[in-house]
Amino acid sequence: MPDLPAVKTALAAQRIETPSWAYGNSGTRFKVFAQAGVPRDPWEKLQDAGRVHAFTGVAPTVSLHIPWDKVDDYGKLAEFAREQGVVLGAINSNTFQDDDYKLGSICHPDAAVRRKAVDHLLECVDIMDATGSRDLKLWFADGTNYPGQDDIRSRQDRLAEGLAEVYGRLGEDQRMLLEYKFFEPAFYATDVPDWGTAYAHCLKLGDKAQVVVDTGHHAPGTNIEFIVATLLRERKLGGFDFNSRFYADDDLMVGAADPFQLFRIMYEVIRGGGLTSDVAFMLDQCHNIEAKIPAIIRSVMNVQEATAKALLVDRDALAVAQRDGDVLEANAVLMDAYNTDVRPLLAEVREESGLAPDPIAAYRSSGWQQHITAERVGGTQAGWGA
């Protein structure tokens, strides 16, 4: 049976990074719905992130997105983050919103556009130096819409060349995390469409290049836990972008569509030693119609619950059943853990850490939502725009 004190220690030590953009307005191509109290700049995003960490105790870092979170003084922003009880985490690049990137960024056929894209990535490393961030997270919208539009192999060559230049700029303790996505906005051939492509590039680059698994970036039916297990085995899993999907890349709250999948993923993380390694557990979500801060708190709690259930798997009993070829018993061991109500356990962990047992209730009674609704009036709210 699992050692309950060890389970509680692991849960108390878990860390989940929240994304700055999740605190702003977001939506679809049809409409962005504004909400009262939404941050107007990176500073106010960090205030909200501080509230999430204060009530959960496990969200001490915040991902930034450049240029959405661009400021004049990143050292000052990092200091302000610490004042809010958090620190700055991964720096996310953006090479998909300029008109120049219509045919790609670092895979573009025009060398001038590629130079612009690489320079932006190098700027992001400069920002990492200023903020003390460890991770540069890269996702490229590069690809083609039609057969023959560009040469597939040449685009891979350009990708490798650009990544190599940025990799060479990384500091000793910095990492490059390469994300993949099988389609959208490229509808014929995406340049980094799957974990194999990302892995191949990272393997060639070196130890400081790792793969990011976005749980929404897979075709229906993909066995994500197999990918996780394989990357952990190869020591190439750098982190997660946690979210949930019903159809494609929906970026809904993690665990919303398939909490059993999240449990299976977290079991493989634990099985492969990822919970105590350098794997970064990050949220990548857009809260289009739900209140931002409670949604992020709930998402953190969803990851905690999946982790708690995965930690409760009786691995000794599972190993025996697997060795004996007892298919039903092996599955039952997993299902017993998954069907456990871990909410009381997590409430105990929070109380032992000096936190309220119910983070959502604690936030609602804190008055923070009423405060930001009254204070954040005027100006331009952060987000995708209308």
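Buried means under 20% relative accessible area, exposed over 50%, and partly exposed in between, with a 1.4 Å probe and protein chains only. This is a predicted model, in which local features need pLDDT of at least 70, side-chain atom pairs count only at pLDDT 80 or more, and totals for chains, interfaces and linings use all residues. Residues are numbered from 1 along each chain as its sequence is written, and side-chain values use heavy atoms, with hydrogens and water left out.

**View 1. The stacked pair Phe-240 and Phe-242.** Rings of Phe, Tyr and Trp (its six-membered ring) pair if their centres lie within 6.5 Å; planes under 30 degrees apart count as stacked, over 60 as edge-to-face and the rest as tilted. Searching the whole structure gives 12 aromatic pairs. In one of them, Phe-240 and Phe-242, the ring centres are 4.9 Å apart and the planes are at 5°, so the pair is stacked. Phe-240 has a relative accessible area of 0% and is buried; Phe-242 is also buried, at 0%.

**View 2. The tilted pair Phe-263 and Tyr-338.** The distance is 5.3 Å centre to centre, with 50° between the planes. Phe-263 belongs to helix H8 (residues 259–271) and Tyr-338 to helix H11 (residues 327–338), so the pair ties together parts that are 75 residues apart in sequence. Helices (H or I, at least four residues) and strands (E, at least two) are DSSP runs, numbered from the N terminus. Phe-263 is buried at 1% relative accessibility, and Tyr-338 is buried at 18%.

**View 3. Charges over the rings of Trp-368 and Tyr-101.** A charge sits over a ring if NZ of Lys or CZ of Arg is within 6 Å of the ring centre and within 35 degrees of the ring normal. Arg-51 lies over the face of Trp-368, 5.6 Å from the ring centre. Over the face of Tyr-101 lies Lys-116, at 5.3 Å from the ring centre.

**View 4. The largest cavity.** On a 1 Å grid over the protein atoms alone, a cavity is a set of points where a 1.4 Å probe fits but cannot get out; lining residues have an atom within 4 Å of a point. Grid points are joined across faces, edges and corners, and a volume is the space filled by probe spheres set on the points. The whole structure has one cavity of 30 Å³ or more, and the volume of the largest cavity is about 70 Å³. Its lining includes Tyr-23, Asp-48, Lys-292 and Ile-372. Helix H9 (292–311) and helix H14 (368–375) each supply at least two lining residues.

Note on methods: On a 1 Å grid over the protein atoms alone, a cavity is a set of points where a 1.4 Å probe fits but cannot get out, and a pocket is an open set with protein on both sides within 12 Å along at least five of seven lines; lining residues have an atom within 4 Å of a point.
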